[in-house]
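Colleague: I would like a close look at one part of this model, the surroundings of the ligand. Please set that part in the context of the whole chain, and take the residues in turn.

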Amino acid sequence: MEIKKINNLKVEINYYEAIYTIGIASDRLGVSVHTLRQYEAEGLILSHKTKTGRRIYSEMELDKVRCIKKMIQEQGLNFEGIRQLMSLIPCWKIRSCCDNDYEECKSYTSRKSPCWSTKEKCKHPYPDCRDCEVYRGLISCDDLKRFIYKL
Ligand code: SF4
């Protein structure tokens, strides 16, 4: 649990829990609703979907959006470049897949998109990739380097 200040109120929140509607998330981030939809359509972030199809985001997604904005505005990357970078996350190592598993896995062979945004997903997907350590692991812009150096 983490204490955050929202509208001048201190609230205790679970970092991974989807609590923000798209309108609130866009206000908190200072980006348009269209931008959030676009990041999701480009496969860079995921959202929780309610039964009625409304998108809900967690603090984790808000931090991911901040990182993506930084990559676009400060490093001059475009969506394709960011997707390719994210596709380098060694999900097979993080998930400890065995050799036979990952060599046939589309997530391992694809260099175009992160595994969570591919149609096939990995060979042993979580029901919701938002719960997976691979999706959860890449939050700040330094995480990709950390993943690649440490694993
Ligand atoms: S469960 Fe989803 S995020 Fe995790 S490795 Fe599989 S496709 Fe990637």
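Modeller: Of the 151 residues in the chain, 24% count as buried. The model is a predicted one. The chain holds nine helices and five strands, and along the sequence these follow the pattern β-β-β-α-α-β-β-α-α-α-α-α-α-α. Among contacts with a separation of 6 or more, 59% are between residues 24 or more positions apart.

The ligand comes next. It is surrounded by 13 residues, and the closest of these are Cys115, Lys121, Cys122, Cys129 and Cys132. By type, the shell around the ligand divides into 10 nonpolar residues, one polar and two charged.

Cys129 is located in the loop between H7 and H8. It counts as partly exposed because it has 17 C-beta neighbours inside 10 Å, and the cut-off for buried is 20 or more. Setting aside residues up to four places away in sequence, Cys129 touches Leu46, Trp116 and Tyr135. Trp116 is 13 residues from Cys129 along the chain, and the C-alpha atoms of the two are separated by 6.0 Å.

Lys121 is also one of the closest residues to the ligand. It is found in the loop between helix H7 (106-109) and helix H8 (133-137). With 16 other C-beta atoms within 10 Å, Lys121 is partly exposed. Its phi is near 60°, a positive value in a residue other than glycine. Most residues other than glycine have a negative phi. Ser96 is another non-glycine residue with a positive phi, of about 55°. Ser96 belongs to the loop between helix H5 (91-94) and helix H6 (99-103), and it is exposed, having 8 other C-beta atoms within 10 Å.

Now the core. The largest nonpolar core has 25 residues, of which Tyr39, Val65, Ile68, Cys91 and Val134 touch the most other members. Two or more residues of this core come from each of helix H2 (33-41), helix H3 (59-73), helix H4 (79-87), H5 and H8. H3 gives the largest share, four residues. H8, which contributes to this core, is also the helix at one end of the loop that holds Lys121. In soluble globular proteins, nonpolar side chains tend to be buried together.

Ile82 is in turn one of the buried residues of H4, together with Met86 and Ser87. These three lie on the same side of H4, because they cover an arc of only 140° around the axis. An α-helix has 3.6 residues a turn, so residues three or four places apart point the same way. The buried residues of H4 pack against H3.

Two further residues belong to the region around H2. Val31 is found in the loop between helix H1 (22-29) and H2, and it is partly exposed, with 17 other C-beta atoms within 10 Å. Leaving aside its neighbours within four places in sequence, Val31 is in contact with Ser26, Leu36, Val65 and Lys69. One of these, Val65, is among the core residues that touch the most other members. Gln38 lies in helix H2 itself. With 13 C-beta neighbours inside 10 Å, Gln38 counts as partly exposed. Its C-alpha atom is separated by 9.8 Å from that of Phe79, 41 residues apart along the chain.

Last, the sheet. Three strands form an open sheet in the order S3-S5-S4, with antiparallel pairing. Strand S3 (20-21) and strand S4 (48-49) stand at the edges with a single partner strand each, so one side of each is left without a neighbour in the sheet. S4 is joined by two bridges to strand S5 (residues 55-57), and the two run antiparallel. Across this pairing, Lys49 stands opposite Arg55 in S5.

To return to the part you asked about, the ligand has Cys115, Lys121, Cys122, Cys129 and Cys132 as its closest residues. Of these, Lys121 has the positive phi described above, and Cys129 touches Leu46, Trp116 and Tyr135.

Conventions
Residues are numbered from 1 along each chain as its sequence is written. This is a predicted model: local features need pLDDT of at least 70, side-chain atom pairs count only at pLDDT 80 or more; totals for chains, interfaces and linings use all residues. A residue is buried if 20 or more other C-beta atoms lie within 10 Å of its own, exposed if 12 or fewer, and partly exposed in between; C-beta atoms are placed from the backbone. A nonpolar core is a set of buried Ala, Val, Leu, Ile, Met, Phe, Trp, Tyr and Cys residues joined through C-beta atoms within 7 Å. A residue is near a molecule or strand if its C-beta atom, placed from the backbone, lies within 6 Å of it. Ala, Val, Leu, Ile, Met, Phe, Trp, Tyr, Cys and Pro count as nonpolar, Asp, Glu, Lys and Arg as charged, and the others, Gly among them, as polar. Two residues are in contact if their C-beta atoms, placed from the backbone, lie within 7 Å. The arc is that of the directions from the helix axis to the C-beta atoms. Two strands pair if DSSP finds at least two bridges between them.
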